[in-house]
Amino acid sequence: MRIADVRGGKDQTVRGNDQDRMTGATSQQRIPIDTRLSASITSDDHVQGPIDAAVTLVQYGDYECPYTRMSPHSVHQLQREYPDTLRFVFRHFPLEAIHPHARSAATAAEAAGAQTDFWRMHEYLFEHQKALAESDLHKYALELRLDAVRFEHDRRTSNVRERVDRDLASGEASGVQGTPTFYVNGIRHDGSYDVDSLRSAVVGHLRSGSAPA
C-alpha cells in the first residue's frame with residue numbers, strides 16, 4: 001500500500017509499516033533509511049556534464065510534481081557556475097498515488113530519448129506540467145518534431161516501462177520518499193533544493209575532494 005501526502009516543500013510517499021513515521025508511533029520492525037545512493041551511474045542514465053566531473057548531482061523527480069518543476073532553476077544555475085566540475089543525472093520517481101500522469105510523462109521522456117531528445121522533452125514536460133494527458137504528450141512529440149508513430153510505439157514498450165521501474169526501484173532502495181530528492185556524490189541531500197542550499201552541498205564536496213559515487 002502506498003500512502004501519500006504533500007508537506008515540507010516536497011511530494012512524499014510512505015510505504016507499509018513506515019506509516020508510523022507520519023503519526024509519531026514507534027515500531028521495532030521499522031527499517032532505517034539509507035542515505036546513500038544504491039545504484040551507481042551507468043551508461044543507461046540520463047547525464048549532463050563531464051564524465052570525470054568532481055561532483056555528481058543525482059535527482060529523483062516526478063514530471064507532475066510542482067516542487068520538481070521548480071528545481072531545474074537551481075540545477076541550471078549550478079551547471080552554469082560549475083560547467084567543468086559538475087555532472088547532473090536525472091532519474092524517474094513517479095508518485096502515481098498522487099500524480100496520475102507522472103508515469104506516462106516519464107515514458108514520454110524515455111520515448112523521446114530513444115530519438116536522442118530526452119532532455120528537450122524533459123524540459124518541455126515541466127514547462128507544460130498542467131497538461132500531461134495522453135493527447136498532450138502526443139502533441140508535444142509533434143511540436144518537438146519527433147517521429148510521432150515511433151514515439152507512441154516506444155512509449156508502450158516493455159523496455160521503456162522497465163527503464164522507469166528501474167529508476168523507481170533504485171530510488172526506493174536509496175531511501176527516496178518524495179520528490180525532488182537529490183544526492184551529491186552519492187550522499188542524500190536532506191536540505192532544501194534552492195540554489196544556495198545545493199551550491200553549499202556541491203562546494204562542500206569540492207573542498208573535501210570526495211569522489212563521486
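Which residues does Asp154 touch, not counting residues up to four places away in sequence? They are Ala111, Ala114 and Val160, where a contact means heavy atoms within 4.5 Å.

Before we go on, a word about the model. This is a predicted model, in which local features need pLDDT of at least 70 and side-chain atom pairs count only at pLDDT 80 or more, while totals for chains, interfaces and linings use all residues. Residues are numbered from 1 along each chain as its sequence is written, and side-chain values use heavy atoms, with hydrogens and water left out.

**Around Asp154**

Asp154 lies in helix H7 (residues 148-155). Helices (H or I, at least four residues) and strands (E, at least two) are DSSP runs, numbered from the N terminus. With a relative accessible area of 12%, Asp154 is buried. Here buried means under 20% relative accessible area, exposed means over 50%, and partly exposed is in between (1.4 Å probe, protein chains only). Asp154 and Glu110 are 44 residues apart in sequence, and their C-alpha atoms are 8.2 Å apart in space.

**The sheet**

Now let us turn to the strands. Strands of a sheet pair through backbone hydrogen bonds, either parallel or antiparallel. In this model, five strands form an open sheet in the order S3-S5-S4-S7-S8, with mixed pairing. Strand S3 (46-48) and S8 stand at the edges with a single partner strand each, so one side of each is left without a neighbour in the sheet. From one strand to the next, the twist averages 25°. Two strands count as paired if DSSP finds at least two bridges between them.

S3 and S5 are antiparallel and share three bridges, and Val47 has Val89 in S5 as its bridge partner. S4 and S5 run parallel and are joined by seven bridges; here Leu57 has Phe88 in S5 as its bridge partner.

How many residues of S5 are buried? Seven of the seven are, so S5 is largely enclosed by the rest of the structure. Leu86, Phe88, Phe90 and His92 point one way from S5, while Arg87, Val89 and Arg91 point the other way.

**The nonpolar cores**

A nonpolar core is a set of buried Ala, Val, Leu, Ile, Met, Phe, Trp, Tyr and Cys residues joined through side-chain atoms within 4.5 Å. The largest one has 38 residues, of which Leu57, Tyr63, Leu78, Met121 and Leu125 touch the most other members. Among the elements that give two or more residues to this core are strand S4 (55-61), strand S5 (86-92) and helix H4 (102-113). H4 provides the largest share, six residues. A second, separate core of 10 residues includes Leu37, Ile41, Leu95 and Tyr183.

Leaving aside neighbours within four places in sequence, the contacts of Leu57 include Val75, Leu78, Phe182 and Leu198.

**Backbone features in the loops**

Most residues other than glycine have a negative phi, and most peptide bonds are trans.

| Residue | Phi | Relative accessibility |
|---|---|---|
| Arg145 | near 60° | 78%, exposed |
| Asn185 | about 50° | 5%, buried |

Arg145 lies in the loop between helix H6 (134-143) and H7. Asn185 is in the loop between S7 and strand S8 (187-189).

Which peptide bond is cis, with omega near -5°? The bond from Thr179 to Pro180 is, and Pro180 is found in the loop between strand S6 (178-179) and strand S7 (181-184).

How values were computed:
Axes are lines fitted to C-alpha atoms, for helices over the stretch in contact, and angles run from 0 to 180 degrees between N-to-C directions.
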